[in-house]
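This report goes through one protein chain, part by part. The sequence and structure come next, followed by the description.

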Amino acid sequence: MSKEMEEFIVQSYHKEENMMILVFAQWCINHDLDPEAVYLKAYPDQAENQALKDALALTVPKEEAGEVPDETLLGVLSLFGNDDLAFIVTEEIARRDGKKKL
């Protein structure tokens with residue numbers, strides 16, 4: 001594989017990874033959750049995540065955002081092997097759905 005092709009693949013992966021982080025951050029905003037706090041539950045050793053900070057700058061208020069279905073977020077997290085974060089998101093979904101039943 002050529003060096004150019006390797007660079008293209010790496011750049012494409014990073015773009016897609018950044019999109020996954022943005023989807024996560026917007027989902028959190030849409031559900032009145034702090035994306036950094038949720039992320040820290042999954043990855044307590046990664047307090048400073050620049051990619052998440054960059055994504056937060058691109059989020060919009062939930063009133064202006066389109067819906068991010070739970071299944072979409074969990075699917076995107078799964079594609080990137082983000083199982084720890086998917087687990088925490090699943091807990092947040094259960095907590096949210098539990099409050100709805102009250």
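## Thr 59 and its loop

Thr 59 sits in the loop between α3 (50-56) and α4. Helices (H or I, at least four residues) and strands (E, at least two) are DSSP runs, numbered from the N terminus. This is a predicted model, in which local features need pLDDT of at least 70 and side-chain atom pairs count only at pLDDT 80 or more, while totals for chains, interfaces and linings use all residues. Residues are numbered from 1 along each chain as its sequence is written, and side-chain values use heavy atoms, with hydrogens and water left out.

Thr 59 has a relative accessible area of 18%, so it is buried (buried means under 20% relative accessible area, exposed over 50%, partly exposed in between, with a 1.4 Å probe and protein chains only). A polar atom of the Thr 59 side chain lies 2.8 Å from the backbone oxygen of Leu 56.

## The chain overall

The chain has 5 helices and 0 strands, in the order α-α-α-α-α along the sequence. Its C-alpha atoms fill a box of roughly 60 × 30 × 25 Å along the principal axes. Of the 102 residues in the chain, 30% are buried.

In helix α2 (residues 35-42), the buried residues are Pro 35, Val 38, Tyr 39 and Ala 42. They line one face of the helix, because they fall within an arc of 100° seen down the axis of α2. The arc is that of the directions from the helix axis to the C-beta atoms. An α-helix has 3.6 residues a turn, so residues three or four places apart point the same way. At the start of α2, a side-chain oxygen of Asp 34 comes within 3.0 Å of the backbone nitrogen of Glu 36.

The buried residues of α4 include Asp 70, Leu 73, Val 76 and Leu 77. These cover an arc of only 135° around the axis, which puts them on the same side of α4. Glu 71 and Leu 79 are exposed on the other side of α4. Gly 81 follows α4 and has a positive phi, near 70°.

## Aromatic pairs

The whole structure holds 2 aromatic pairs. Rings of Phe, Tyr and Trp (its six-membered ring) pair if their centres lie within 6.5 Å; planes under 30 degrees apart count as stacked, over 60 as edge-to-face and the rest as tilted.

| Pair | Centre to centre | Angle between planes | Type |
|---|---|---|---|
| Tyr 13 and Phe 80 | 5.4 Å | 55° | tilted |
| Tyr 39 and Tyr 43 | 5.0 Å | 45° | tilted |

Tyr 13, in helix α1 (residues 3-30), and Phe 80, in the loop between α4 (70-79) and α5 (83-101), are 67 residues apart, and their pair links distant parts of the chain. Tyr 13 has 40% relative accessibility, so it counts as partly exposed. Tyr 39 and Tyr 43 are both buried.

## Exposed residues

Asp 32 belongs to the loop between α1 and α2. Although Asp 32 is not a glycine, its phi is positive, about 55°. Its relative accessibility is 60%, so Asp 32 counts as exposed.

Met 1 lies in the segment before α1 and is exposed, with a relative accessible area of 71%.

How values were computed: Polar contact = N/O pair within 3.5 Å; in protein donor to acceptor, adjacent residues only side chain to side chain.
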